[in-house]
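Biologist: Could we go through the ligand site together? Please start with how you sort the residues by class.

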Amino acid sequence: MTNFSVIQEDITSLNVDAIVNAANSSLLGGGGVDGAIHRAAGIGLLEECRRLPDGQQGRCPTGEARITGAYNLPCKKIIHTVGPVWHGGKYGEAALLASCYKNSIELAAKNGLSSIAFPNISTGVFGYPKEEAAKIAVKTSSEVCACLNKIEKIIFVCFDLLNYKLYKELLSI
Ligand code: ADP
């Protein structure tokens, strides 16, 4: 059984198997949580990301996930996933956001990682409504973890109080 928890914290400080980065498709860093992770991990992370194959939709298309080392961070690995930009909800945003959680958890499991910390993907600069995003995060993660039966711990790391309260309510904790 997977344990689900919520904390209000800087994700870069966490000593888990994998933290998830809400990246953009270039995987070369950006603002928000992405910028914080690159700054804290150090230049080695950027160098590894640059070496990843770059395709038509960048190094990581929306909804997919890639894994790298964690360099100066206390976690073991970083899983980079690219959330959808919110365009009103009729452009497949929900399915793409669900894919981010699904692909990140499956990639972790494939790499033998069993504790994962997620930021609130797409709810910053990408503008996804927080309540809808939280529902997708909790539902998808629960379903994927139940199916895989390999993940011990999922931590939803909330930076702002609204997200923290939303996740607490959804998880009834
Ligand atoms: P996106 O482009 O996917 O919207 P952002 O980084 O702008 O990504 O925001 C995603 C979420 O990450 C937001 O809820 C934001 O408050 C949060 N966030 C920003 N910095 C950190 C951090 N250091 N640790 C955890 N969460 C963070």
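Modeller: Ala, Val, Leu, Ile, Met, Phe, Trp, Tyr, Cys and Pro count as nonpolar, Asp, Glu, Lys and Arg as charged, and the others, Gly among them, as polar. Please keep in mind that this is a predicted model.

Biologist: How do the residues of the lining of the largest pocket divide, then?

Modeller: That lining has twelve nonpolar, ten polar and four charged residues.

Biologist: Which residues lie nearest the centre of the largest pocket?

Modeller: Ala22, Gly32, Val33, Asp34 and Gly124 do, out of 26 lining residues. Strand 2 (18-23), helix 1 and strand 6 (153-158) are the elements that give two or more residues to the lining. Helix 1 has the largest share, with four residues.

Biologist: What volume does the largest pocket have?

Modeller: The volume is about 570 Å³.

Biologist: Now the ligand. Where does it sit?

Modeller: The ligand sits in that largest pocket. It is surrounded by 16 residues, and the closest are Asp10, Val33, Ser122, Gly124 and Val125.

Biologist: Which element gives the most to the shell around the ligand?

Modeller: Helix 1 (residues 32-41) does, with three residues. By class, the shell holds seven nonpolar, six polar and three charged residues.

Biologist: What is 2.8 Å from an oxygen atom of the ligand?

Modeller: A polar backbone atom of valine 33 is at that distance. A polar backbone atom of serine 122 is 2.9 Å from a ligand oxygen. For threonine 123, a side-chain N or O atom is 3.0 Å from an oxygen of the ligand.

Biologist: How much of the ligand does the protein bury?

Modeller: The ligand taken alone exposes 560 Å², and the protein buries 90% of that.

Key. Residues numbered from 1 in each chain as written. Predicted model: local features only at pLDDT ≥ 70, side-chain atom pairs only at ≥ 80, totals over all residues. Heavy atoms only, no water. Near = heavy atom within 4 Å. Polar contact = N/O pair within 3.5 Å; in protein donor to acceptor, adjacent residues only side chain to side chain. Areas by Shrake-Rupley, 256 points an atom, 1.4 Å probe, with all protein chains shown as cover. 1 Å grid on protein atoms, 1.4 Å probe; cavity = no way out; pocket = protein on both sides within 12 Å on 5 of 7 lines; lining within 4 Å. Sits in = over half its atoms within 2 Å of the grid points. Points joined across faces, edges and corners; volume = space filled by probe spheres on them.
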